[in-house]
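Here's a quick tour of how the parts of this model touch one another. Have the structure open while you read.

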Amino acid sequence: MDFINAIVLLLNYTVIPALTYGSQLALGAIFVTLVYGILRFANFATGDMMSFGTMVAVLITFYFQSLGISFGFLPTALLTIPPAILAMIFYMLFIDKFVFSYYRVKKSPPVQLAMVSVGVMFVTQAIIRIIIGPFDRRFFDGEKFILKANEFREMTGLNEGLTIKSTQAITIFVTVLVVSIMFWFLNRTKTGTSMRAYSDNEDLALLSGIDPKKVVLITWIIAGILATIGGVLYGLDKSYRPFVYFNNMLPIFAAAIVGGIGNPFGAFLGGYVIAFAEILVTYAYKKFFAYLLPEFMEPDSLMQLLSTDYKFAVSFSILVIVLLFRPSGIFKGKTL
Amino acid sequence: MMQHKNIIAAYSIMILLIIAVGVLQSWTIALTILNYCLISAVMTIGANIQWGYAGLINFGIMGYTALGGLAAVLVNVPPVKEAWKAGGSGMVVSLILIISGVYIIRTVLRKFENSKKRNYIVAAIIIIGFVTIRYISGPAIENIEAVDPAKTGFLGGLGLPIIFSWIVGGLFAAGIAFIVGKIALGLRADYLAIATLLIAEIIVSIIKHEDWLARGVKNVIGLKRPVPYEVDLQGSTWFIDLVEKFHSKKLDLITSLSERQDVLNQLVIDASSVYVKLCLAGLFLTVVIILLILTQKALYSPWGRKMRAIRDNEVAANAMGKNVVKEHLLIFILGSAIVGIAGAMMVTNDGLFTPGSYRPMRYTFVIWVMVIVGGTGNNFGAILGGFVVWFLWVEAAPIALFFINFFTAHLDETNAVKQHLIQSAAYFRFLLVGIGLLIIMRYRPKGLIPEKINIK
Amino acid sequence: MAFFEGSKMTAGYGDGPDIISSCTINVDKGEIVAILGPNGAGKSTAMKTMLGLLNLKSGSVLINGEDITNLSPQDRVKKGISFVPQSKNVFAELTVKENLEVGAFLRTDKLDKILNDIYDLFPILKEKQSQIVGELSGGQRQQVALGRALMIKPSVLMLDEPTAGVSPIVMDELFEHIIKVKKTNVAIIMVEQNAKQALSISDRGYVLVTGQNKFEGSGNELLNDPEVRRSFLGA
């Protein structure tokens, strides 16, 4: 019984939150890696672009709520994802046309494009803050829990409760769905294959008659979908605050590089690597060991490797270690 | 010749702008802006050495600035004796353990070069070391942080004049830059940017959360200035006499004696704050000039030529026997050290250390915008960039407010859009700086004052 | 009038000096033409100009009597001109089959038949069709490169040093494959360093020196020309 209690404890406090957070990171990391692989630059506006899409979803959600439209037991925000994606794609294409395309046509070095993306980052942050302000916004509604701790206890007779928030279930489900569709598209369709070919060898792709404009267009469309969904899921689960989205860019970058930049599947796994590392290293295992060990061996410290203050530091340290020992990432991406 | 004229013209405009702020807003604001411009200029010199001379992207400016600030605290604050008694020995032992651990790992790495066991041994040392250090430092930290937590709760510093911290800050930054450089400099440019950005976050999060070191987010206030305090000035007769003499004409017009005294008091209060800021500006200006002379000398020296050769064609420079890795490391350390100096200067200027305020937007990206806008590879350009961008950063809100009022003049005061825009005026600085960067990168990619091509 | 002809071409990179001047090269269907010459003679440049990767300063490029001088490389591909670059001529991260599919990107019909044709020509590719190209040997990669270029059923195939960096045995094998391709009524132009071997399978050859036609003739003529032998064939 104690053993099962210990497992439930870990599930409740580490595995489920890590799967949720990992999914949110994974979507962002695939976005980073696609832009890097196909448009060939590190996009420092990643976090703020995700923030932009989420902002649109939040605003439409508020509007729907004021009209009394709801999505039953599901959060209203899910209804607003499609229009938010449209707005996001429109914004990205607008930026691409007036900012990025100039440097792409000129074949500027990636560093210059990265620096330009810093400019885009500033502008996007300004737009977001002018429109919605820098404050914390909660836009979650609908049923909060799928499984409550006391219900679980009654059901199983265990000491430990297992809670599954609906946002957690939605996040994991939507991520799996979106990522599956995306990988099907990239690996099984002609357009998807042509995009991978373009990412692999641009010159030869051009010689094979692949239209670069179309590849760029579809890349931004996929990027818009990933950015908006990733951002809205994060906002539903925690809350929407522009500054936090900018900060999230950092673990997202870490996930993309750990997974091997330019490799979408690696980025997907990289998201979970980072999330699990952050949560497992900063979790206090005292109670866990209390279940497993005989009473006299019970630890009196918290049994925490690092305090939760160092969450971000953990993921960045992993990145540094990966860069040191396997610069192309755990799952092999483009060589550096 | 053209270029000299351009430089002089650009700087004159800049000085005129600051004077305009003095006349239109107030001299205190103008001098505050000037001081921050000077500090920014030091940062841009540091970043420009790395990017302009060697083509290295360091997005870790924030981390080195924070290290400089930490140095200011550790140099200036008097030691907290109770805290040292409570946990000093534990911390010293931990420090010795860390240093010896690093040495042991280094020897293991050398001795077992071709052995598969190597990684396991290193991992074992790290894990054992980590647990031991946690075991020793844990209670020590708890004890230290329990010492009068509202005021101290940390070990304190050396109690030396804060000006020494400018050098110590540089050394701190140089030391960390050495480690970071060893790790990250082999990476391709954009990876280096990301890696340095993340490492800076690690540095700041350590400073933020290790309260025994510098109180973390509880901030350290009341650092001693290297220049007089306003209150002291207001009490000293020589200063009051000076102000009286300076304003004698204006004061002579006032006939009533008590009224005259009131006006004089107000003038003294204003003048004291201006005087303090002028003193600081003098110190900062000295640093900027010294650094400018040194960096210019370096730029035109054989070493500077070598650096540019490496930047422009790494492969060729490597083939010619130049040690690119070593030179990159050196320049990375130098540039970071200068940023560290700036970090200490900034804390000196503010008189307080607030680790929570170190955010990448303000301390990394804005500095980068300064370097790019000013002119990469040209120190005069970089300094100008520091001035221009900082000026815009500060004055963006008033400018935006002016334009909002101008364009919405026909709207009612209660109009929702107008009110919303007025509330958001502060965020127009992001817009202004972002668009400025994009325009410069597009139409003047070498910056306002570009690098000279023919250097004799 | 030859099937594919670049006549009196003058071109260079950007605003730089002319690399080739008044250079003429033509090829007919079912014919292999080799472009030879010393280093820096403009062999690859001449070929890239015919593909449209460089802008012509003067001269013209014709296919089947149609002037394509002003078409972009992509549009020339649509006219049936296929090119195999010297390096990076495969998609290393994609499978063999995907490489071939990308090669047929412009085709809208079913690919089964053409895939089978390619597999007949290069049996090894059928065997390895779901393997990542980056994991193949050098010779196999070159076959993937050829296969990819042939997927659009080109009328003209241009090869830039197809045997660079492969072993002599693989080179012989590759030349055999090139002859097989020629028999499917394709016009082939190739730039080659291994002049003797190239001439032995070529119908005709051009020798370029400093961007101009110096000698031309059938493979045998050139092989037996004493001056060509002395200056380029090292005997």
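Two residues count as in contact if their C-beta atoms, placed from the backbone, lie within 7 Å. Keep in mind that this is a predicted model, where local features need pLDDT of at least 70, side-chain atom pairs count only at pLDDT 80 or more, and totals for chains, interfaces and linings use all residues. Residues are numbered from 1 along each chain as its sequence is written, while chains are lettered from A and ligands numbered from 1 in the order in which they are written.

**Chains A and B**

- Two pairs of chains are in contact, and chains A and B share the most contacts.
- Chain A puts in 34 residues here and chain B puts in 33.
- On the chain A side, α3 (77-105), α4 (110-132), α10 (242-258) and α13 (311-325) each supply at least two residues; helices here are DSSP runs (H or I, at least four residues), and strands are too (E, at least two), numbered from the N terminus.
- The top contributor on that side is α4(A), with 13 residues.
- By class, the chain A side has 27 nonpolar, five polar and two charged residues. Ala, Val, Leu, Ile, Met, Phe, Trp, Tyr, Cys and Pro count as nonpolar, Asp, Glu, Lys and Arg as charged, and the others, Gly among them, as polar.

**Chain C**

- The contact between chains A and C takes 13 residues from chain A and 18 from chain C.
- On the chain A side, α7 (190-200) and α8 (202-207) are the elements giving two or more residues, and α7(A) gives the most, with five.
- That side of chain A splits into five nonpolar, five polar and three charged residues.
- Chains B and C have no contact, and their closest C-alpha atoms are 20 Å apart.

**Two helices in chain A**

- The axes (lines fitted to C-alpha atoms, for helices over the stretch in contact, with angles from 0 to 180 degrees between N-to-C directions) of α10(A) and α11(A), residues 264-282, come within 7 Å and cross at roughly 125°.
- That's why α10(A) and α11(A) are oblique to each other: angles under 35 degrees count as roughly parallel, over 145 as roughly antiparallel, 65 to 115 as roughly perpendicular and the rest as oblique.
- Residues making this contact include Pro251(A) and Ala254(A) of α10(A), plus Gly270(A) and Ile274(A) of α11(A).
- Sorted by class, the contact of α10(A) with α11(A) has eight nonpolar residues, two polar and no charged ones.
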